[in-house]
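Here is my note on the structure you asked about. Please keep the viewer open and check each point as you read.

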Amino acid sequence: MDTMPATPAPRSAPHAPATHRPTTPATGTDPDGPPAPPGKQPGRAGGRDRYFDLLRAVALFRVVLYHLMGWAWLPVVFPSMGVMFALAGHLMARSLKRPAVQVVRGRMRRLLPPLWLLGAIGVTGMLAQGWSPDDDGHPGWWFLHLGFWVLPLSDPPHAEGLAGIPGVLGEDWAAELAGPLWYIRAYLWFVLLSPFLLKSLRAVPWATVAAPLALSAALEFGLLTLPGERIDSAVTDFGTFGACWILGMAHQQGLLRRLPRYAVPCLAAVVAGLGLWYALRQDFGTGHDLDSLPFAQALWSFGTVLLLLHLSPSWAEWPRRLRRWDRLITLLNSRAVTVYLWHNVCILVAATLYDRLWGFETLELHVPWLLESSWPVLALTWILIAGCVVAFGWAEDLAARRRPRLWPDGPVPR
């Protein structure tokens with residue numbers, strides 16, 4: 001998708017955010033969307049592991065960077081989606097010490113209100129620009145699919161080809177708004193399945209861990225075909241990232257510690273190497289990335305997550321060199337859902353606004369390199385994301401039954 005400048009740019013293409021989701025429905029971009037309360041403060045009992053908070057913050061930043069720059073090597077350097085699913089699986093297994101129904105209900109309660117707020121604003125905007133039941137083939141299906149904005153058991157629908165707001169919001173903005181929602185759908189299904197996955201993990205641990213990889217291989221090599229795009233998308237995402245979620249649960253249950261210390265790095269290297277080898281055989285780097293290669297993504301993410309969990313230190317407080325980042329990392333963890341849901345729209349608005357500078361002839365003649373650069377767009381994107389944190393982040397506090405805060409970069413008030 002291209003974002004057109006307000007005035008013609010004769011010698012350079014305007015900025016455009018990278019397409020969130022490739023042609024295959026299997027994978028996505030690379031957050032941690034679902035809820036992440038503030039991390040543990042130094043000396044505070046009962047908080048979260050700061051190493052996990054660091055991983056989540058890095059994953060969020062990498063997601064935004066990837067969706068703007070589109071660099072194919074970024075998911076290789078740090079597979080954010082696999083990491084975030086693993087962290088969520090770890091927290092889910094820890095929570096399942098309580099009754100399963102109570103835990104699942106609590107997770108859904110914390111996940112859905114931020115989505116509802118996004119839907120209330122986004123769907124209203126789509127309707128205002130002419131989206132109607134006729135756009136979905138049949139009015140009955142259109143109204144039925146709208147229900148996925150309430151309970152995202154499948155991808156919520158969106159309008160195609162909307163004009164946007166010239167000079168402010170680029171064309172087809174609804175597709176960018178809905179792009180990240182595959183992750184919310186996948187996360188919801190993982191939450192619903194977690195009580196059963198945990199029982200299976202305790203009964204047959206390594207078969208349970210390997211099952212999603214086997215499913216991904218069966219889909220990749222045509223041994224299993226699924227009817228309908230919605231079913232295929234959901235099952236493919238489970239095959240791609242299910243092993244990472246279960247690895248997080250296995251780490252919390254102490255299963256990885258039962259293996260010899262040398263075995264985990266060796267296994268991680270073999271599996272990740274196999275994934276990278278397969279990606280290279282599928283023309284990785286020449287118009288493709290891991291997001292368009294589900295089986296390669298599954299293997300590479302599994303190997304990387306396995307190694308990160310194996311190396312994970314237990315940080316009750318920050319190491320000295322990282323203490324300066326405490327407030328920023330706490331903020332990103334406190335508003336992980338908000339950042340993830342709104343970042344694509346923020347990228348599109350930032351690119352659209354920045355492209356207006358091509359209308360200034362002096363800038364075009366003397367600093368065209370600056371207008372062509374994506375780094376100012378990245379900075380503007382994070383400024384807009386900060387605005388979304390202030391404007392919409394309170395929904396996460398309400399969902400978690402906390403007192404709403406505009407900028408939660410410190411301890412949660414009692």
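1. **What you are looking at.** This is a predicted model, where local features need pLDDT of at least 70, side-chain atom pairs count only at pLDDT 80 or more, and totals for chains, interfaces and linings use all residues. Residues are numbered from 1 along each chain as its sequence is written, and side-chain values use heavy atoms, with hydrogens and water left out.

2. **Helix 12.** Helix 12 covers residues 326–334. Helices here are DSSP runs (H or I, at least four residues), numbered from the N terminus. Seven of the nine residues in helix 12 are buried. Buried means under 20% relative accessible area, exposed means over 50%, and partly exposed lies in between (1.4 Å probe, protein chains only). The buried ones are Asp326, Ile329, Thr330, Leu331, Leu332, Asn333 and Ser334. What covers them? Among the covering elements are helix 1, helix 13 (336–355), helix 16 (375–392) and helix 17 (394–399). Contact here means heavy atoms within 4.5 Å.

3. **The largest cavity.** How big is the largest cavity? Its volume is about 50 Å³. A cavity is a set of points on a 1 Å grid over the protein atoms alone, where a 1.4 Å probe fits but cannot get out; lining residues have an atom within 4 Å of a point. Grid points are joined across faces, edges and corners, and the volume is the space filled by probe spheres set on the points. The lining includes Tyr51, Phe52, Val83 and Ser312. Helix 1 (50–69), helix 3 (80–95) and helix 11 (294–311) each give two or more residues to this lining. By class, nine lining residues are nonpolar, one is polar and none is charged. Ala, Val, Leu, Ile, Met, Phe, Trp, Tyr, Cys and Pro count as nonpolar, Asp, Glu, Lys and Arg as charged, and the others, Gly among them, as polar.

4. **Cysteines.** How many disulfides does the structure hold? It holds zero. A disulfide is a pair of cysteine sulfur atoms within 2.5 Å. For Cys346, the nearest cysteine sulfur is that of Cys388, 3.5 Å away. Cys346 is buried, because its relative accessibility is 4%. Cys266 has 46%, so Cys266 counts as partly exposed.

5. **His67.** His67 sits in helix 1. Is His67 buried or exposed? His67 is buried, because its relative accessibility is 1%. Its side chain makes a polar contact with the side chain of His343 (2.6 Å). Another polar contact joins the side chains of His67 and Asn344 (3.2 Å). A polar contact is a pair of N or O atoms within 3.5 Å; within protein, one must be able to donate a hydrogen and the other to accept it, and residues adjacent in sequence count only if both atoms are side-chain atoms.

6. **Thr240.** Thr240 lies in helix 9 (residues 229–253). Thr240 is buried, at 0% relative accessible area. A polar atom of the Thr240 side chain lies 2.7 Å from the backbone oxygen of Thr236.

7. **Positive phi.** Most residues other than glycine have a negative phi. Asp172 has a positive phi, near 55°. Asp172 is in the loop between helix 5 (139–146) and helix 6 (173–178), and is buried at 19% relative accessibility. Arg401 also has a positive phi, about 60°. Arg401 is in the segment after helix 17, and is exposed at 67%.

How values were computed. On a 1 Å grid over the protein atoms alone, a cavity is a set of points where a 1.4 Å probe fits but cannot get out, and a pocket is an open set with protein on both sides within 12 Å along at least five of seven lines; lining residues have an atom within 4 Å of a point.
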